[in-house]
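This briefing concerns aromatic rings and the charged groups beside them. Please consult the sequence and the structure shown here while reading.

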Amino acid sequence: QVQLVESGGGLVQPGGSLRLSCAASRILFRFYDMGWYRQAPGKQRDLVAIITSDGNTRYADSVKGRFTISRDNAKNTAYLQMNTLKPEDTAVYYCNAKRRGATGWERDYWGQGTQVTGAS
């Protein structure tokens, strides 16, 4: 079955950096929009960043200028480079792969999540 496997989470001091990876299998990766979402304890899951199949990017206002999303279609992997981390960035980060067909069908897959903890 389809798998999205996140890695790269951990504990980081304020101002530090982490790079998350999302390795996808059993999907035509290059046709999917890839997104990173995060969910803090007791809060809803929110969008962090998206990179479309065409390479266009969009970011949440809270991470603009600090986080960078990218993808390597040859490796079926999406990345989230996180710089200048803050304690409020603490959350479980989830990878998402989404594709919509011209006739309205949709494929939507999630990874299991990776914990990012910004020390205070």
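This is a predicted model: local features need pLDDT of at least 70, side-chain atom pairs count only at pLDDT 80 or more; totals for chains, interfaces and linings use all residues.

A search of the whole structure finds 2 aromatic pairs, which are treated in turn below.

**Tyr32 and Tyr109**
- The ring centres of Tyr32 and Tyr109 are 6.2 Å apart and the ring planes stand at 40°, so this pair is tilted.
- Tyr32 belongs to the loop between strand 3 (18-25) and strand 4 (33-39), while Tyr109 belongs to strand 10 (residues 106-110); the pair therefore ties together parts that are 77 residues apart in sequence.
- Tyr32 is buried, with a relative accessible area of 5%, whereas Tyr109 is partly exposed, with a value of 24%.

**Tyr37 and Trp110**
- The rings of Tyr37 and Trp110 have centres 5.0 Å apart and planes at 65°, so the pair is edge-to-face; the cut-off for this class is over 60 degrees.
- Distant parts of the chain are linked by this pair, since Tyr37 is in strand 4 and Trp110 is in strand 10, 73 residues apart.
- Tyr37 has a relative accessible area of 15% and is therefore buried, as the limit for that class is under 20%.

**Arg45 and aromatic rings**
- The charged end of Arg45 sits over the ring of Trp110, at 4.7 Å from the ring centre.
- Arg45 also lies over the face of Tyr94, 3.6 Å from the centre of that ring.

Methods: Residues are numbered from 1 along each chain as its sequence is written. Side-chain values use heavy atoms; hydrogens and water are left out. Rings of Phe, Tyr and Trp (its six-membered ring) pair if their centres lie within 6.5 Å; planes under 30 degrees apart count as stacked, over 60 as edge-to-face and the rest as tilted. Helices (H or I, at least four residues) and strands (E, at least two) are DSSP runs, numbered from the N terminus. Buried means under 20% relative accessible area, exposed over 50%, partly exposed in between (1.4 Å probe, protein chains only). A charge sits over a ring if NZ of Lys or CZ of Arg is within 6 Å of the ring centre and within 35 degrees of the ring normal.
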